[in-house]
Structure formats: structure tokens, C-alpha cells
Amino acid sequence: MHREPRSREFYVLAIFFALFVVFLYGPLSAIVVLSFQGPSGGLTFPLNGVSLHWFANLLETQAVGDFGGSFRRSLALGLMVMVVTVLVSLLAGLAFRRKFLGATPLFYLAVASLVVPSIIVSLGIGVLFQQLGLQPAWYSSAFGAHLTWTLPFGVLIMFAVFNRFSPAYEEAARDLGASSWQTFRHVVLPMIAPSLIGVGLFGFSLSYDEFARTLMTSGTYNSLPLEIYAMTTNVTTPVLYALGTVTTLFSFLVIVATVGAIFFLNRRRTRA
Amino acid sequence: MVAVTESAPIATAARTRKPGSPLAGLSAYLQALPLFLVLGVFLLLPLILIAIVSFWDYDFAAMYPDFVTFNYTETLGSWVTWKTYLNTLKFAAIVWVITLFVGFWVAYFLAFHVRTASMQTVLFLICTVPFLTSNIIRMISWIPVLGRNGLVNSALVEAGLVSAPVEWLLYSDFAVVLAMVHLYTLFMVTPIFNTLMRIDRALVEAARDAGASSWQVLTNVILPLAKPGMAIGTIFVVTLVMADFSTVQVMSGGQSASVALMMKNQMSLLQYPAAAANAMVLLVLVLIMVAGILRIVDIRKEL
């Protein structure tokens, strides 16, 4: 292929892009480095020795509050939100392929779910549970609050996927005598599987990091982001950074595993 | 919100239904039902309840069903409220301008200057990953950078540029804007990138063949076609900034205010009707802004 030489515009923009990446990752790497601060070190540079002291400190419950418990709750909640987001978005995506009464209002309800300020959703669900005499909890009210944030993303992604999806494949399957379940299971599902994994990643990550919507809805037990937010005001040691490093590392692992799964599926499909 | 034209993809998709099957029509409703139920119970119902509660009376212990308007008159009659709204709008405007500028050039670079699709994917993922990590951690991470003894101040003092550490880097409006740009730029990059990738490259070639300079191609071809992406990015950024309380609280060190932060304080004092009145005003403001933006872009066509 003939390649024209790079213009000056390219180099200017490449430098701009590189600076943007440094801007994105720079501060994050600062707290990763500082989490290895020695036992006498503080919240800022320089490093007073290198140690795992603050990571060990994390595991002592009395030091930073209930880190283990809030992590388990956030993990369980994230998985619940992920499963429901994938299922409900997929069904809604299938529904929107047809014309049905109320399709447009439902679509704009989903968009509204995206633009309504989180704290208003949080307040509304909190008041709703209070008026119904229900005890808010992470698995009920916070679960619903998170879904109002993850579902619009899921629905919009499925909408985009089905916009580009040619009905010819389904027609071919049906012409060959497949039932509508067989068509879905063996034709549609394998083709949209990578997108579904993507929706799952969004559902999990958005829930795992969600904060404003959990504020009024988590009940007695904090989720991890709430625990961290509380720590920002009363913890003045690098244990805060250690927690940040651990949770960020966890998020990275989830992302890498998901992207890996998507690549694997895509490759298997193109090979087949 | 606003009148929309019937979207074409839905109409074409309708044709794929097996003709004459009585279940086909019903199944669309069954498939849409879970979405409707979740959003109905956890979005629509709470919003209706907030609207009702905003007219209720309250004291330090509980709220009482009533029809009073002082929650609104107190909120809208207070100079503090107006200042807080202005402050929030100021943050929204500044952050919008910066994220639009940065977001466009990043997306433009990815879409038009990166030549292979795999490189595009890799670079785009690099931009996306931080978005999937905790916002609060990303906020905190500015403290060792901007703080009094932080990296920037140490570097400035070391280089002899300033004699004493700069105080306004952290716990200031500057820090709030910087953190918001850090948190929200990706919401601008993604929709603009998506729109730019769908521009027919033949248009660019044609403009070049007709003698347009690369600056003219940019301003006369690419920018006008990128508007829908910019509009969607604007919806994201503006609504996120208008709803923000944690960034304002953490990064300003309690010295700046936003509407959502004011609401949060009312909620922690159990003044739910007052918070509800505030919520209604904020909600109407945000919906008007979004409706205005939706007039220039049909989201469903852009997906």
C-alpha cells in the first residue's frame, strides 16, 4: 500500500494525544507509587522507603472500616446488576426491532434515565422506600438505583447493534426451516455475543463504581465507593492509596478479562 | 421531551417479523416489559413521588402530606440558591468548552490520523479504561499531584519559578474544573469518535481533489458532520456536571457549591421536601437543556 508521509498536523495531534493519555493516567500512577509508601510516609511525595505496610493495614478491619464486607457487597451487587442489565437490554433491544405501541416513549424514558441527575434518583428511591415502609438495602433499593444508570447504556448499545444487524441471516435460517428459538440461539446470539459481553462489562463496572445513586439507597451497609468516600474525609494515611490501588487493579483485571473474551469470541467467529 | 421523527431502523426491522403470526406482536411487548418495569418502579415512580413530596410540610422529625409552596419560595427566594445555580452553570460551561475542545481533537486524531483499525482499537481502549475505574479514586489521585507539597508545587519550587508553593492548585475552583475534565472528557471523545468514523472518506477525498486545504476540509466537511457527536457528548457532559456533588465537595475542599451538593446537605439534615423542591427545579433545568440539544440531533439515527 502506498503511504503518504505524515503531515505536520499528525505530529502536533500525536503529541496532543500523548499528553491527554499522560493526563488520564498520570495522577493514577502517582497514587499507585505512593501506596508503597514506607510506614512513616505521608500522603505526598517523597517516598519514605518502600513497603507493603499500607496494604497490610487494609486487611485490619479496625484501621479503615469494613473494607472486606463492603468489597463483597459491591462485588455481589455488580454481578447482580450485570446479569439483569444484559438480560433486560437484550430483550429490550429485540423488542425495539419491531414496531410497538409506546416504543418511542419507552426509548425516551431510557434516555431520561441517563440524564436525570443521579442524586435525584437516589433521593426519589430513598423517599419511595421510606413511604412504603421498606428498609433500604444494597440488594433492593441500591440494586434498582444502579439499574437506572446501567440499563440506558445497555439499551443504547443494543439499539446500535441491532441497527447494524442485517435481517438476511435470520431470513436465511428460517428459509432453512429453523424455528424462531433456533434462529435466535444459533444465528442471532453468536453474532451479538461480543456486544453482550461489552454490555455486561459496562453493567458491572458502572455499578461497582457507582456512588451518587447509592448514597440514599444503600441502607445500613455501605458499598465500596461509599466506604472510600467516607475515607477521603477522615483517613489521612496512605492506606487510602493502597485501597485505591487494589480496587483499580481489580477493575483493570475485569476489563482485561472482558476484552480478552471479546477478542477470543470474534476470532473464533471469523475463523468458523 | 421533543417531537421526533419516526426512526427508520425500527420501520425496516418490523418487516422481519413472520407475517400473520399472532404471537409476534405480543412478544415485542413481553420483551419490552422488563425494561418498562424497572424504569417505571425505580425512575418514574420516584420522580412522581419527589414532585408530590416537594409540596409537603416537614419538621426535624418527619414530613407531613400537605400542599404548601414554601419549599419552592424558600429555595427560589434565597440569594444563596441563585448563586449556587450560577456557580453550577459556570462549572458546566467551562467544563463543556474544555471537554469539547480536547474531546474533538482526540477523536479527530483517532479517526483520521491513526491508520490501522487495530491501532485505533488499542488507542481507544487506552482512553476508555480509566472511565471504567472508580471516579472517587481518580479524584483522590490529584491530591498528591496538586497538593501543597505535591508534584507540581515541588517541581515549580525546584525550578525556581515560584518561591512558595502555589495554594490554589488544590481545594479550589481550578481543582474542581480540572478533576471534572479528567472524569468526563471521555463522554465527549466516544460520541464524536463514533460520528467521525461514519463520515464517508470519499467526501474528504472529493474536497481535497477540489483543491481544499486540510484546514478547509476540517472546517467545511468534517466539523459540520461531527455536530451530532458533539451534541450527544454535550448532553453527557452537561448533565454529569449539573448533577455533580462529590467532585465539587472533594476538590474544592468544601469551599465551592453546586446544586446537587446543596441537595445532599438538605438530605443529610432530613429536609426531604426542601431537597425535593430543589430536585424539581434542577430536573426541569436539565431537561430543558437536554431538550434544546435534542432539537439538533436525533439520537436514534446516530446510534
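Trainee: What share of the contacts in chain A between residues at least 6 apart in sequence join residues at least 24 apart?

Mentor: The share is 79%. A contact here is a pair of residues whose C-beta atoms, placed from the backbone, lie within 7 Å. In chain B, residues 24 or more positions apart account for 70% of the contacts with a separation of 6 or more. This is a predicted model, in which local features need pLDDT of at least 70 and side-chain atom pairs count only at pLDDT 80 or more, whereas totals for chains, interfaces and linings use all residues. Residues are numbered from 1 along each chain as its sequence is written, and chains are lettered from A and ligands numbered from 1 in the order in which they are written.

Trainee: What makes up the secondary structure of each chain?

Mentor: Chain A has 11 helices and zero strands, while chain B comes to 15 helices and two strands.

Trainee: How is B:Leu270 classed, and where does B:Leu270 lie?

Mentor: B:Leu270 has 14 C-beta neighbours inside 10 Å, so B:Leu270 counts as partly exposed. Its place is the loop between helix H13 (259-268) and helix H14 (272-294) of chain B. The phi of B:Leu270, near 60 degrees, is again positive in a residue other than glycine.

Trainee: What class does A:Leu58 receive?

Mentor: A:Leu58 has 19 other C-beta atoms within 10 Å and is therefore partly exposed. A:Leu58 sits in helix H2 (residues 53-59) of chain A. Over whole chains, 44% of the 272 residues of chain A count as buried, and 43% of the 303 residues of chain B.

Trainee: What is meant by a nonpolar core, and which residues have the most contacts inside the largest one?

Mentor: A nonpolar core is a set of buried Ala, Val, Leu, Ile, Met, Phe, Trp, Tyr and Cys residues joined through C-beta atoms within 7 Å. The largest has 154 residues, and those with the most contacts inside it are A:Leu123, B:Leu35, B:Ile50, B:Val241 and B:Ala279. Helix H9 (residues 173-197) of chain B gives the most to this core, 14 residues.

Trainee: Which residues does B:Val241 touch?

Mentor: Leaving aside residues up to four places away in sequence, B:Val241 touches B:Phe91, B:Ala92, B:Val95, B:Met180 and B:Tyr184.

Trainee: How are helix H4 (residues 79-113) and helix H11 (residues 214-242) of chain B placed relative to each other?

Mentor: Two packed helices are described by the angle between their axes and the distance between the axes. For these helices, the axes come within 9 Å and cross at roughly 145 degrees. Axes are lines fitted to C-alpha atoms, for helices over the stretch in contact, and angles run from 0 to 180 degrees between N-to-C directions. B:Phe91 and B:Val95 are among the residues of H4(B) in this contact, and B:Val241 is one of those in H11(B).

Trainee: How is the contact between chain A and chain B made up?

Mentor: The contact takes 79 residues from chain B and 81 residues from chain A. On the side of chain B, helix H2 (residues 22-53) gives the largest share, 18 residues. That side has 60 nonpolar, 15 polar and four charged residues. Ala, Val, Leu, Ile, Met, Phe, Trp, Tyr, Cys and Pro count as nonpolar, Asp, Glu, Lys and Arg as charged, and the others, Gly among them, as polar.

Trainee: Where does UniProt place the feature "transmembrane region" in chain B?

Mentor: The unreviewed UniProt entry gives residues 35-56, 91-110, 122-143, 168-193 and 272-297. UniProt positions follow the numbering used here, feature names are shortened, and annotations may be inferred rather than shown by experiment. In the model, residues 35-56 of chain B are 86% helix and 0% strand, with end C-alpha atoms 31 Å apart. Residues 272-297 of chain B are 88% helix and 0% strand, with end C-alpha atoms 36 Å apart.

Technical notes:
Helix = DSSP H or I, 4+ residues; strand = E, 2+ residues; numbered from the N terminus. Contact = placed C-beta atoms within 7 Å. Buried ≥ 20, exposed ≤ 12 C-beta atoms within 10 Å, placed from the backbone.
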